[in-house]
Amino acid sequence: MSEARHDWAKEEILEIYNKPLMELLYDAATIHRKNHDPNVVQVSTLLSIKTGGCPEDCGYCPQAARYHTDIVGNDLMTVSQVKAQALRAKASGSSRVCMGAAWRNVKDGPEFDEVLEMVRTINKLDMEVCCTLGMLTENQAKRLAEAGLYAYNHNLDTSEDYYKDIISTRAFEDRLETIDNVRKSNVTVCSGGIIGMGEKLEDRAGMLVALASLNPQPESVPINALVAVEGTPMEDIEPIPIWDMIRMVATTRIVMPETQVRLSAGRTEMSREGQAMCFFAGANSIFAGDKLLTTPNPDVNQDMEMFKLLGLNPQKAFTKISQPKTVEASDSQYKGLNEKPKWSRPGHSIERNEQAKKKAKLTD
Ligand code: SF4
């Protein structure tokens, strides 16, 4: 195993990112093989349990209520709907279900109680359960842990410097605080970001500095390529070249040797050859299913064909960390505290998508 370093400098990471490609790939693949089985890839299914209507203004996100996209919003799914989807995901080879809700932060109350029940239900199916529900207090993290949550996803998205150009309704420190709250429970951390949002290479390196300096480093780091959705402020941004994705995956692998590097949004734009290079460079997880919350994703059968072609095997659930125990609601030692944490609102305003707004009004 390689020793994880927490003191990376941005310049060092940039030097790695910009290495001649063959050298970068060789270095990343060498570290990957020391720390992981190179023929095993973890498969997660992402499920949007509450879609759209989000009060936040993340510039890339079609679920933000203020943008005019074609997303059809949905209230919180029921526990039985979630169970049915989880069983389908398990049958198609997923070892993890990641439930996403378009919330700014978790609020104690009946909806959160439902989510806790969903966590219990999926953990009892012997699948890893992950949630991405927005900002979270320590008490809420502990309640999720007690229900049997395996991982909590909370992406840093980009560097601290570029963050305010992407999101103005919360600050970078809020993200770090939620990750810190998750770390106070025994739930693992999944945190990564998106490339191709108009950031500089320094921002990509800056994001990796922030992630690598977390101690412990996140158990899982998703690397997304922006999927530019019509109606969002980023609708006109061109997709990034595959080489950027390969370099980013390889650099992440070198900087965080033990983490599970996740190929996330943007895979529909990638050829199999491109994805194979990402796996060689150290990616060892994908999201499966035809949708990633709201954006398209390759069909699960195509993914399984690709696995066969490349000789890859899906990772079994609880290979890295043992299955958490589920405590029933009636035996819980925690209750909702109805806290009102002071998450910040920095006030900088992201350019609204005026063009899309006008178009939406015309078609109303
Ligand atoms: S990324 Fe999450 S927090 Fe941001 S607008 Fe979309 S759903 Fe809301």
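**A walk through the model**

Guide: C61 counts as buried because it has 25 C-beta neighbours inside 10 Å; a residue is buried if 20 or more other C-beta atoms lie within 10 Å of its own, exposed if 12 or fewer, and partly exposed in between, with C-beta atoms placed from the backbone. This is a predicted model, in which local features need pLDDT of at least 70, side-chain atom pairs count only at pLDDT 80 or more, and totals for chains, interfaces and linings use all residues. Residues are numbered from 1 along each chain as its sequence is written.

Visitor: Where is the place of C61?
Guide: C61 sits in the loop between β1 and α3. Helices (H or I, at least four residues) and strands (E, at least two) are DSSP runs, numbered from the N terminus.

Visitor: Which residues does UniProt list with it under "binding site"?
Guide: The unreviewed UniProt entry lists C54, C58 and C61 under that annotation. UniProt positions are given in the numbering used here, feature names are shortened, and annotations may be inferred rather than shown by experiment.

Visitor: What does C54 touch?
Guide: Not counting residues up to four places away in sequence, C54 touches Q63, A64, A65, A102, W103 and R104. Two residues are in contact if their C-beta atoms, placed from the backbone, lie within 7 Å. C54 is in the loop between β1 (40-50) and α3 (79-91), and counts as buried because it has 23 C-beta neighbours inside 10 Å.

Visitor: And which residues surround the ligand?
Guide: C54, E56, C58, C61, Q63, A64, A102 and G134 surround the ligand; a residue is near a molecule or strand if its C-beta atom, placed from the backbone, lies within 6 Å of it. By class, this shell has 5 nonpolar, 2 polar and 1 charged residues. Ala, Val, Leu, Ile, Met, Phe, Trp, Tyr, Cys and Pro count as nonpolar, Asp, Glu, Lys and Arg as charged, and the others, Gly among them, as polar.

Visitor: Which residues does the "binding site" annotation with C130 cover?
Guide: According to the unreviewed UniProt entry, that annotation covers C98, C130, C190 and R262. They are spread over 165 residues of sequence, yet they cluster in space, with a largest C-alpha distance of 13.7 Å.

Visitor: Is C130 buried or exposed?
Guide: C130 counts as buried because 25 C-beta neighbours lie inside 10 Å. It lies in strand β3 (residues 128-132). Leaving aside neighbours within four places in sequence, its contacts include C98 and C190.

Visitor: Where does C190 lie?
Guide: C190 lies in strand β5 (residues 188-190). C190 is buried, with 28 other C-beta atoms within 10 Å. Leaving aside its neighbours within four places in sequence, C190 is in contact with residues including C130, Y152 and E219.

Visitor: Changing topic, how many helices and strands does the protein have?
Guide: The protein has 12 helices and 12 strands. Its C-alpha trace spans about 55 × 50 × 40 Å along its principal axes.

Visitor: Which residues touch the most other members of the largest nonpolar core?
Guide: Of its 93 residues, they are V119, L144, L149, Y152 and V249. A nonpolar core is a set of buried Ala, Val, Leu, Ile, Met, Phe, Trp, Tyr and Cys residues joined through C-beta atoms within 7 Å. Leaving aside its neighbours within four places in sequence, V249 is in contact with I223, V261, C278, A281, G282 and A283.
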